[in-house]
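Please examine the sequence and the structure shown below. The paragraphs that follow lead through a strand and its neighbours, then a loop, and then the ligand site.

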Amino acid sequence: MFSYQHIYHAGSFADVHKHVALMLLLEKLNEKPKPYAYFDTHAGRGMYDLSSREANKTGEYKHGIAAIGVDVKLTSALGRYLDLLKTVRAKYGETAYPGSPAIAREILRPGDRMVLSELHPGELTHLRETFEHDRVEIHRQDAMNGMTAMIPPSVRRGLVLIDPSYEVKTEYAEMAPKLAKALRRWDSGIFALWYPILKDARHTDMLSALKALPHDKLVSEFMAPDSIEGHRMIGSGLVVFNAPWKFAENLDAAMKDLRTALYAGGGSHTVG
Ligand SMILES: C[S@@+](CC[C@H](N)C(=O)[O-])C[C@H]1O[C@@H](n2cnc3c(N)ncnc32)[C@H](O)[C@@H]1O
């Protein structure tokens, strides 16, 4: 535990997949004036610097966000995501990369609620610094147990992003029972769980268990082309429970643009 730090992976193709999906889900919640709550169970440090030694040790961002020309003009959600990135970089510098809580900060409205959990002491310190001027709830607590105890929120509308580091192998087996419990407590909440797709496909049992849950769900999988050597992670997956109307179509259009930008149309995206 605590060996994982997201700075080594920030801005990877998987982050772009996950963060575009997050943006789409929050945009949908913004369509109604009623406030909502956003829970980010594995918050990380909030803001990343892609010029850091750690980010450059793996260089994952070079095959992700840095490989997309930021000035490309796109009509899909990928274009709005790049606009959001520009807004963040205007405030934090050209090598900044916003993590999920920082993306949410750009989209949430003044009456909405943001609840962040993080356990890593160093990441937590950075997270508190990132949000020192914001009205955000930050908890040093276990992701799933902490979130489950806080739902449903009184506003009854909202999104839970679950983005584990999968450092502990048992996390895969625990996820479906924990999500089942959370969905029993808040059956109208939107829950988005991210998972890595590795060459050994260790996510498959977890995915089968999640698919068997009696709740409305979809699965989005963005796969890098086979030809990219040296990638331990070959794809990025998301299971979304209670996804809003048109989410699948909008995400698919954005991922088509991402495949064009990164792989000249290679790789694949499936959603359904
Ligand atoms: C993949 S990173 C999160 C990245 C972030 N969601 C983003 O998109 O910018 C996972 C984070 O979860 C934290 N973490 C791991 N296990 C946890 C647990 N049981 N409870 C809370 N946080 C945990 C790690 O310290 C790490 O910062």
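How many bridges join strand β1 to β6, and do these strands run parallel or antiparallel? In this predicted model, β1, which comprises residues 37–40, runs parallel to β6, and four bridges join the two strands. Within this pairing, Leu161 of β6 has Asp40 opposite it. β6 also pairs with β7 (residues 190–198), again in the parallel sense and over four bridges. There, Val160 has Phe191 of β7 as its bridge partner.

Most peptide bonds are trans, and most residues other than glycine have a negative phi. Against that background, the peptide bond from Ile151 to Pro152 is cis, with omega near -5°. Pro152 is located in the loop between α6 (143–150) and β6 (158–162). Arg156 belongs to the loop between α6 and β6 as well, and its phi is near 65°, a positive value in a residue other than glycine. Is Arg156 buried or exposed? Its relative accessibility is 51%, and because exposed means over 50%, Arg156 counts as exposed.

A positive phi is also found at Lys246, where the angle is near 75°. Lys246 is placed in the loop between β9 (233–241) and α9 (247–263). Its relative accessibility of 36% lies between the limits of 20% and 50%, so Lys246 counts as partly exposed.

Which residues are closest to the ligand? Of the 21 residues that surround the ligand, the closest are His19, His42, Glu118, Asp142 and Asp163. By class, this shell contains six nonpolar, ten polar and five charged residues. A polar side-chain atom of Asp163 lies 2.7 Å from a ligand nitrogen, and a polar side-chain atom of Ser100 lies 2.9 Å from a ligand nitrogen. For His42, a backbone N or O atom is placed 2.9 Å from a nitrogen atom of the ligand. On its own the ligand has 600 Å² of accessible area, of which the protein covers 97%.

Terms used. Residues numbered from 1 in each chain as written. Predicted model: local features only at pLDDT ≥ 70, side-chain atom pairs only at ≥ 80, totals over all residues. Heavy atoms only, no water. Near = heavy atom within 4 Å. Polar contact = N/O pair within 3.5 Å; in protein donor to acceptor, adjacent residues only side chain to side chain. Areas by Shrake-Rupley, 256 points an atom, 1.4 Å probe, with all protein chains shown as cover. Nonpolar A, V, L, I, M, F, W, Y, C, P; charged D, E, K, R; others polar. Buried < 20%, exposed > 50% of the residue type's maximum accessible area, 1.4 Å probe, protein only. Pairing = 2+ DSSP bridges.
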